[in-house]
Amino acid sequence: MAWRTNLSRSVKEIRFLFCQSSPASAPAREFVKKNYGHIKARNPSLPVLIRECSGVKPQLWARYDMGVERCVLLDGLTEAQIDGKLEELAKAGESLKSK
């Protein structure tokens, strides 16, 4: 999980969207509860936004340089899979920088 330490180098902002009460959003809520502190401790200047909205499907957004944004749906994913999606978004940011 060394990639988490360098997250702020490839991503400008992380945004989690999920419903406060739906079962579909439960893994995303748990992921944020367990991992927010770890991510912020290693990337204190990285904005990590948590947006709750009734009925919304769980999503993870990453904003990169020049306003480029990418979204992945988290519906039906486990916490480990959500971690993998976050890593994918971080690596996508590294490839955007090399272009």
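**View 1. The whole chain in a predicted model.** Along its principal axes, the C-alpha trace spans about 40 × 25 × 20 Å. Of the 99 residues, 38% count as buried, and among contacts with a separation of 6 or more, 71% are made by residues 24 or more positions apart.

View 2. Strands of a sheet pair through backbone hydrogen bonds, either parallel or antiparallel. In this chain, four strands form an open sheet in the order E2-E1-E3-E4, and the pairing is mixed. Strand E2 (48-52) and strand E4 (69-73) stand at the edges with a single partner strand each, so one side of each is left without a neighbour in the sheet. On average, and with direction ignored, neighbouring strands of this sheet are turned by 15 degrees against each other.

**View 3. Strand E3 with its two antiparallel partners.** Strand E1 (residues 13-18) pairs with strand E3 (residues 59-63) in the antiparallel sense over five bridges. Within this pair, isoleucine 14 stands opposite alanine 62 of E3, while phenylalanine 16 has leucine 60 of E3 as its bridge partner. Strand E3 also pairs with E4, again in the antiparallel sense over five bridges, and here the bridge partner of tryptophan 61 is cysteine 71 in E4.

View 4. Phi of methionine 66 is near 60 degrees, which is a positive value in a residue other than glycine. With a relative accessible area of 81%, where over 50% counts as exposed, methionine 66 is exposed. Lysine 34, whose place is in helix H2, also counts as exposed, at 54% relative accessibility. Between lysine 34 and aspartate 65 there are 27 Å in space, C-alpha to C-alpha, and the two are 31 residues apart in sequence.

**View 5. The largest nonpolar core.** In soluble globular proteins, nonpolar side chains tend to be buried together. The largest nonpolar core of this chain has 23 residues, of which Leu7, Ile14, Phe16, Leu60, Leu74 and Leu86 touch the most other members. At least two residues of this core are supplied by each of E1, helix H2 (26-42), E3 and helix H3 (79-97), and the largest share, five residues, comes from H3. Which residues does leucine 74 touch, not counting those up to four places away in sequence? They are Phe16, Ala28, Pro58, Gln59, Leu60 and Ile82.

Methods. Residues numbered from 1 in each chain as written. Predicted model: local features only at pLDDT ≥ 70, side-chain atom pairs only at ≥ 80, totals over all residues. Heavy atoms only, no water. Pairing = 2+ DSSP bridges. Axes fitted to C-alpha atoms, helices over the stretch in contact; angles between N-to-C directions. Buried < 20%, exposed > 50% of the residue type's maximum accessible area, 1.4 Å probe, protein only. Contact = heavy atoms within 4.5 Å. Core = buried A, V, L, I, M, F, W, Y, C linked by side-chain atoms within 4.5 Å.
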